[in-house]
Each structure stands twice: as structure tokens, then as C-alpha cells.
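I opened the model to look up a few points. My notes follow in the order I took them.

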Amino acid sequence: MSDSKNLFSIRGLEFAYGKNRVIRGLNLDIVEGKITTLIGANGCGKTTLFNLMTKNLKPNAGTIELHGAPLDAISAKRYAQQVAIVHQYNTAPDDISVEKLVSYGRTPYQKFSFAQGTNEDEEKVNWALGITQLDSLKDMPVSELSGGQKQRVWIAMALAQDTKILFLDEPTTYLDVRYQLQILKLIQQLNRDFGMTVIMVLHDINQSLYYSDELVALKDGRVIEQGAPEQVITIELMREIYDVDLKVRHLDGNPAVLPV
């Protein structure tokens with residue numbers, strides 16, 4: 001996309017847990033309108049960067065800007081009207097229904113804690129339930145759903161926020177392959193059909209390759225490579241970030257990593 005605009009601009013980012021320096025002078029630009037995936041070995045800083053960009057952590061140094069505005073100057077409510085987040089671990093009361101949980105996505109637009117939902121709120125919730133194929137399950141307790149269904153509920157709640165930016169932290173973890181593909185195809189649909197910018201963390205290299213427009217490879221708290229999957233994924237890069245020799249082949253013109 002030649003007309004893509006910078007969404008997030010990160011410069012000189014630093015973060016440490018005590019004396020453990022996790023993010024080290026990191027610089028990164030993320031453009032709007034793409035699916036950007038953070039990849040790298042365990043401990044490389046993916047989740048920490050995710051939490052810094054979603055305001056769950058504050059950097060020790062450096063800057064993060066969203067649409068040119070410093071992230072620390074954006075209120076939590078205003079941020080929630082621009083950015084929706086699905087974390088890796090989520091919990092909900094056992095008896096809460098699918099529709100009720102999804103409706104919590106409208107909270108950033110309500111002026112009072114116990115405000116009644118508006119027609120617009122209802123429309124957004126119904127749209128979120130529809131696009132995630134949860135209409136028939138809306139009255140069921142979330143606790144009775146399968147893992148893949150639960151993940152769709154959390155994505156639906158994020159979609160009900162009606163934002164153009166969606167963060168997902170390892171959305172396919174602990175799901176069997178059928179549900180993994182359902183979730184990834186849904187993410188792809190949200191990007192292609194509804195213009196959502198998606199930023200996610202994935203562990204599966206081949207899923208990252210197939211379902212991403214842009215990869216950001218991290219090592220030791222720094223970005224060591226960024227670009228389209230076919231440009232980024234090489235035998236040399238795999239060795240550098242995972243410290244193991246992996247074969248890279250091309251299937252139907254797309255790179256694939258053979259972890260054997």
C-alpha cells in the first residue's frame with residue numbers, strides 16, 4: 001500500500017522488569033490497514049511490547065505515538081474508543097451469557113456505569129455476534145462454550161467497541177487446528193472486508209506467514225527485521241531469532257517453514 005499511513009510510531013523504547021531489561025531502544029512503525037504480526041522466540045519481548053502498545057505497561061524511556069499523539073496523553077476511555085484488545089488469558093463469570101459479555105464492549109461509549117444501552121449499542125452488539133457467527137449462541141452461558149467459541153466471544157466483545165484497530169495476543173493458543181483456522185480466517189475477514197488494522201502476537205511461524213501482511217521479528221528486545229513475509233522469512237533469519245536451523249520452502253509462491 002503506497003498510501004498507507006503510520007498508525008503507531010515507536011522510538012527509543014525501553015522497558016525493564018527490575019534489572020531485567022526486556023525492551024532495548026526499540027524503534028518501530030506500524031502502518032494502518034494491514035495485519036501485522038510480532039514473531040520471535042520466547043523471551044524476545046513480544047508480549048511486553050504488546051502490553052506497552054496497549055497501555056497495560058508504561059515504558060521506562062522512549063515514546064509511543066498513535067496517530068501522532070503520545071500514548072500517555074490519551075485517556076483510557078478515549079483509547080478504548082480507538083483500540084480493541086483481546087488478551088491471551090480471559091475470564092468471565094460462570095453464568096454470564098454470550099450476548100451480555102459482548103455488550104460490555106460498548107462500555108467506552110456509555111456516560112454512566114449503569115447506563116442503558118442505546119439503539120446504536122444494540123446494533124453494534126448484533127453486528128459483532130453476527131460476524132463471529134455467535135447469533136445462535138447468544139443466550140448460552142459463556143462457561144458452557146468450547147475453547148474456540150469462547151475465543152470468538154472475546155473477539156466479538158472487542159468488535160462491539162467499533163474500533164478500527166484490533167490487538168490480539170496469541171489468539172490461537174490452546175485451540176485445536178480447526179478452531180485456529182476459524183479464528184485466523186475471521187481475523188483476515190475483519191481486515192479485508194471491514195478495513196480493520198490488526199496487530200497480533202503469534203507463535204506459529206507458518207500461520208504468521210500465511211495470515212499476515214507484515215512481520216516484525218524481535219530478538220533481545222529489539223526489532224531485527226520487518227517487512228512482507230516473503231521478504232522477511234529466510235533460513236538465516238530463522239537461525240538468528242530461534243537459534244535453530246529450519247528449512248524454508250515455497251508452496252504456491254508463499255514461504256513455509258519446515259520445523260523438522
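Entry 1: I began with Ile 235, which is partly exposed at a relative accessible area of 33%. My terms here: buried means under 20% relative accessible area, exposed over 50%, and partly exposed in between, with a 1.4 Å probe and protein chains only. This is a predicted model, in which local features need pLDDT of at least 70, side-chain atom pairs count only at pLDDT 80 or more, and totals for chains, interfaces and linings use all residues. Residues are numbered from 1 along each chain as its sequence is written, and side-chain values use heavy atoms, with hydrogens and water left out.

Ile 235 sits in helix 9. Helices (H or I, at least four residues) and strands (E, at least two) are DSSP runs, numbered from the N terminus. I looked up what Ile 235 touches, not counting residues up to four places away in sequence, and found Leu 246 and Val 248. Contact means heavy atoms within 4.5 Å.

Next I took helix 9 as a whole, residues 235-242. Its buried residues are Leu 237, Met 238 and Ile 241. Down the axis of helix 9 they fall within an arc of 100 degrees, so they line one face of the helix. The arc is that of the directions from the helix axis to the C-beta atoms. Just after helix 9, Asp 243 has a positive phi of about 55 degrees.

Entry 2: Most residues other than glycine have a negative phi. His 67 is in the loop between strand 4 and strand 5. His 67 is partly exposed, at 48%. Tyr 174 lies in the loop between strand 7 (165-169) and helix 6 (177-194). Tyr 174 is exposed, at 69%.

Entry 3: In what order do the 4 strands of the open sheet run? The order is 2-1-4-5, and the pairing is antiparallel. Two strands pair if DSSP finds at least two bridges between them. Strand 2 (20-31) and strand 5 (69-70) stand at the edges with a single partner strand each, so one side of each has no neighbour in the sheet.

I then went through the pairs.

- Strand 1 (residues 6-17) and strand 2 share 9 bridges; Ala 16 is opposite Arg 21 of strand 2.
- Strand 1 and strand 4 share 5 bridges; Phe 8 has Leu 66 of strand 4 as its bridge partner.
- Strand 4 and strand 5 share 2 bridges; Glu 65 is opposite Pro 70 of strand 5.

Strand 4 and strand 5 form a hairpin with 2 residues between them, and His 67 is in the turn.

Entry 4: I found 6 strands in an open sheet, ordered 6-7-8-3-9-10, with mixed pairing. Strand 6 (83-86) and strand 10 (222-227) are the edge strands, each pairing on one side only. The twist averages 15 degrees from one strand to the next. Strand 6 and strand 7 run parallel, joined by 4 bridges. Val 83 stands opposite Ile 165 in strand 7.

Which strands does helix 5 touch as it packs on the sheet? Helix 5 touches strand 6 and strand 7, and its direction makes about 165 degrees with that of strand 6. Axes are lines fitted to C-alpha atoms, for helices over the stretch in contact, and angles run from 0 to 180 degrees between N-to-C directions.

Entry 5: I stayed on helix 5 and picked Gln 149. Is Gln 149 buried or exposed? Gln 149 counts as buried, at 19% relative accessibility. Leaving aside neighbours within four places in sequence, Gln 149 is in contact with Leu 134 and Leu 137.

The axes of helix 4 (residues 119-131) and helix 5 (residues 147-160) come within 8 Å and cross at roughly 145 degrees. Helix 4 contributes Lys 124, Val 125, Trp 127, Ala 128 and Ile 131 to the contact, and helix 5 contributes Ala 156, Leu 159 and Ala 160. I sorted these residues as 7 nonpolar, no polar and 1 charged. Ala, Val, Leu, Ile, Met, Phe, Trp, Tyr, Cys and Pro count as nonpolar, Asp, Glu, Lys and Arg as charged, and the others, Gly among them, as polar.
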